[in-house]
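Reader: I'm new to reading structures with several parts. Could you show me how to describe the way the parts meet?

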Amino acid sequence: MSDRVVEFEILRYDPDQDETPRFQTYSVPCHEDWVVLDAINYIKDELDRTLSYRWSCHMAVCGSCGMVINGEPALACHAFVRDYPDQIRVEPLHNFPVERDLVVNMDDFIGKLTSVKPWLIAKDPKTIDEGAYLQSKAELSIFKQYTACINCLLCYSACPQYALNDAFVGPAALALAHRYNQDSRDVGRSARQDVVASNPGIWECSFVGACSEVCPKSVDPAAAIQQAKIASTGDYFLDFLMPWRNKAADDGSNDQ
Amino acid sequence: MSGPYIRPVSRTGWWLTQPRYVRYMMREISSLFIGGYMLIMITGLYRLSQGPQEYAAFLAALLGPAGVAYTLVTFVFAAYHTYTWFIVTPKAMPLVFAGKRVPGSVIVAAHWVGFAVISVALWLLMTAQGV
């Protein structure tokens, strides 16, 4: 089987030399079963060892190789070359500072992720010796899709709201906050609400839905954010009607 | 030495860069046309309160070329708004029935059925009243 030669236009940026990024073209003989990441690895190994990019698992699990491929945020390991035309343009993820070539700085996301406390906050914390926190299959099914997030940042790259206002907490962090808020073993919702229910939190989202369309793991962050909006709106009215409820919420209560 | 490069984002033209952003803007802009139609309805009520001749003049204006054109455009936008709104309802309101997630397609279909039933009921009510 003969290889197909594909022109890869790769965004290059060297912070020590370049004022602005530029595109460099490489001709790559691609196998039929190659993904874009294979072609980039070929460029690195055979054509230009100065090219910088991130990757690790090559199986859509680690979330490292998120890039913009022909204008669409995608995992380079999940994008088959055969599904693209003979010219493929590869750029770093949108909406993040470009450190070098295809590598972006994701510090902003890491800070936001931490701010929503994406870990289990149990009412009565157990030691390891006391065993696991138990949960039924039905309880797991409520939030399981949100656990699939691999922090690949395709959703932030696709989100025009984040592009226009980088104070927005953003899709993945809010989806993970919702994941723990929906977890029957967790009582940390009120501790997360300061960030989640703030203006730069869920209320900055205008439900474009691009995050869910590009998500490679079907997490559906847009759904998580809309559900959090409804729950927070319910809080607002219930607090108004039942002021004594505030006290109870501080002790930790769940959405569902 | 330039440091990390921050790519500029057009604050006015961003929505033209992706078809999905254009679809989103169309969904949002549809509200303006529907809002405008509400103003026409309120004007109609006001003209009705003024008397039969004033109301007849309002109806005549509404049936003029501009009125018909605006109504048609609003109808298309309202249909698009309804279509997009029904599609997103399972995201905002996931249902669990007997311990299982109700499929999104069922929730969307239920909305269309409800929409059809209410439309037919209103139609019957209006024809019974001779409107």
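Author: Gladly! Domain bounds come from an automatic or database domain assignment. Keep in mind that this model is predicted. In chain A, the assignment gives domain 1 (4-104) and domain 2 (107-255).

Reader: How many Å separate the centres of domain 1 of chain A and domain 2 of chain A?

Author: Taken over C-alpha atoms, the two centres are 32 Å apart. At the contact itself, domain 1 of chain A contributes 16 residues and domain 2 of chain A contributes 15 residues.

Reader: How much area do domain 1 of chain A and domain 2 of chain A bury between them?

Author: Buried area is the accessible area that two parts lose on being put together, summed over both. For these two domains of chain A it comes to about 1,100 Å², with 64% of it on carbon and sulfur atoms. On the domain 1 side, A:Pro73, A:Asn95 and A:Phe96 supply 47% of the area buried against domain 2 of chain A, more than any other three residues.

Reader: Which elements give two or more residues to the side of domain 1 of chain A that touches domain 2 of chain A?

Author: Those are β3 (66-69) and β4 (72-75) of chain A. β4(A) gives the most, with 4 residues. By residue type, this side of domain 1 of chain A divides into 10 nonpolar, 5 polar and 1 charged.

Reader: Now for the two chains. How many residues of chain B are in contact with chain A?

Author: There are 25 from chain B, and they touch 39 residues of chain A. Together the chains bury about 2,600 Å², of which carbon and sulfur atoms give 51%. On the side of chain B, B:Tyr5, B:Arg7 and B:Arg20 supply 27% of the area buried against chain A, more than any other three residues.

Reader: How many salt bridges cross the interface of chain B and chain A?

Author: The rule finds 4 salt bridges there. A:Glu72 and B:Arg20 meet through their side chains in a salt bridge, at 2.7 Å from N to O.

Reader: Which element of chain B gives the largest share of the side that touches chain A?

Author: That is α1(B), with 5 residues. The residues on this side of chain B divide into 13 nonpolar, 5 polar and 7 charged.

Note on methods:
Residues numbered from 1 in each chain as written. Chains lettered and ligands numbered in written order. Predicted model: local features only at pLDDT ≥ 70, side-chain atom pairs only at ≥ 80, totals over all residues. Heavy atoms only, no water. Contact = heavy atoms within 4.5 Å. Buried area = accessible area lost by both parts, 1.4 Å probe. Nonpolar A, V, L, I, M, F, W, Y, C, P; charged D, E, K, R; others polar.
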